[in-house]
Amino acid sequence: MISRNPRRRRTLIASTALAFATLFAGVTPAVQAAPEARSDVFIRDNATDVGFEPSSGSLYSSPDVRVCFSATVLCATDDPIVQGSTAYIHVTANRPGPYGDDLENGNLQVWYTKQGTVAQWPNQWTYIGSKTNVAVPFGTKTVVIPWQVPIGSHFCLLARWLSPTDLPTEGLSTSANTRNNNNIAWHNVNAVPAKIKVPQIRPIVFGWDGREPTAVGDIVFTQPGKPFTGPGRITIDLGPDLAARWRAGGAKGEGIERVGETELAIVNPQKARIGGLTFKSGEQVPAQLSFTAGAEALGGKYTVHVTQVDQRGNEVGGVEYRITGVQ
């Protein structure tokens, strides 16, 4: 995690700020270590991530974080979690990263928040648990943390690796923290068993996690691989608040079709966009997605990305939906 970029050198102020985030984990911020004494453990943001900061590419569906039914068997993809039951979060840590190869034990934490594209750190995240005094050998180490899944919604996960010479530099924005620290990984993945002709509803929140008082951005739908739109149907119910903001911003968009007062259908599987939405810092505005499989979707596997971008087109965050057509 530690960068040699002068902009990111650890200072007394940064260490003080980190003390709160690491207090209960038993990690004490340390004085900057010499390069040869640094550890650098990283958790990938995406399949091409090798630990450089800032990372590039997608930042919200880390392949090193998976939610499984089993504590002993790593699932190939996320299992559909059952609210109120115990799931097991498998986090794979990698060593060495590009900023140091010293061996140093650390703590692996996992947090959750509402399923959505944004969340401010740390007040919009809830602590799940941690494993302490973990040693990561050259290569990888998978840590398993049990999770009593809360009732009431779907969730996003955040994994953080903390050791005395490998601490993150963090601010309010979860997306910026994830992009700029190779030992933080964000996993917004939802497994959707889409039943034929039965809408599967998934709540989602949009907003703004930066320090600026307001921000304008778009919600973008993409479907890499075989599209779900066609064999199935995707709609989003913006709800009265978000729909009013969309209309106030000029009802901008592409690849969408109005099908109700607050509801839009995604009609272009390559790219659909809901544009010109304004959010205040710290907001999490609720909406609702619906996935309905047609008969031709039976047995098919599909991926849908719902990504929020700012007015410059930079990714703020998102959710990846992995859909399987079932009876």
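This is a predicted model: local features need pLDDT of at least 70, side-chain atom pairs count only at pLDDT 80 or more; totals for chains, interfaces and linings use all residues.
Residues are numbered from 1 along each chain as its sequence is written, and side-chain values use heavy atoms, with hydrogens and water left out.

**Overall picture**

- The protein chain holds three helices and 18 strands; these are DSSP runs numbered from the N terminus, with helices being H or I of at least four residues and strands E of at least two.
- Of the 327 residues in the protein chain, 54% are buried (under 20% relative accessible area, with a 1.4 Å probe and protein chains only).
- Among contacts (heavy atoms within 4.5 Å) with a separation of 6 or more, 74% link residues 24 or more positions apart.

- Strand 2 (residues 86–95) runs antiparallel to strand 5 and is joined to strand 5 by ten bridges.
- Ala-87 stands opposite Trp-147 in strand 5.

- A second open sheet to look at has six strands in the order 8-18-17-10-15-12, with mixed pairing.
- Strand 8 (189–195) and strand 12 (252–254) are at the edges with a single partner strand each, so one side of each has no neighbour in the sheet.
- Three bridges pair strand 12 with strand 15 (residues 272–280) in the antiparallel sense, and Glu-254 has Arg-273 in strand 15 as its bridge partner.
- Helix 3 (residues 239–248) lies across strand 10 (214–222), strand 12 and strand 15, at about 105° to strand 15; axes are lines fitted to C-alpha atoms, for helices over the stretch in contact, and angles run from 0 to 180 degrees between N-to-C directions.

**The largest pocket**

- The largest pocket contains about 540 Å³ of space.
- On a 1 Å grid over the protein atoms alone, a pocket is an open set of points with protein on both sides within 12 Å along at least five of seven lines, where a 1.4 Å probe fits; lining residues have an atom within 4 Å of a point.
- The lining has 24 residues, and Ser-173, Ser-175, Ala-176, Asn-177 and Asn-180 are the closest to the pocket centre.
- Helix 2 (174–180) and strand 18 (315–326) each supply at least two lining residues, and helix 2 gives the most, with five.

Methods. Buried means under 20% relative accessible area, exposed over 50%, partly exposed in between (1.4 Å probe, protein chains only). Two strands pair if DSSP finds at least two bridges between them. Grid points are joined across faces, edges and corners, and a volume is the space filled by probe spheres set on the points.
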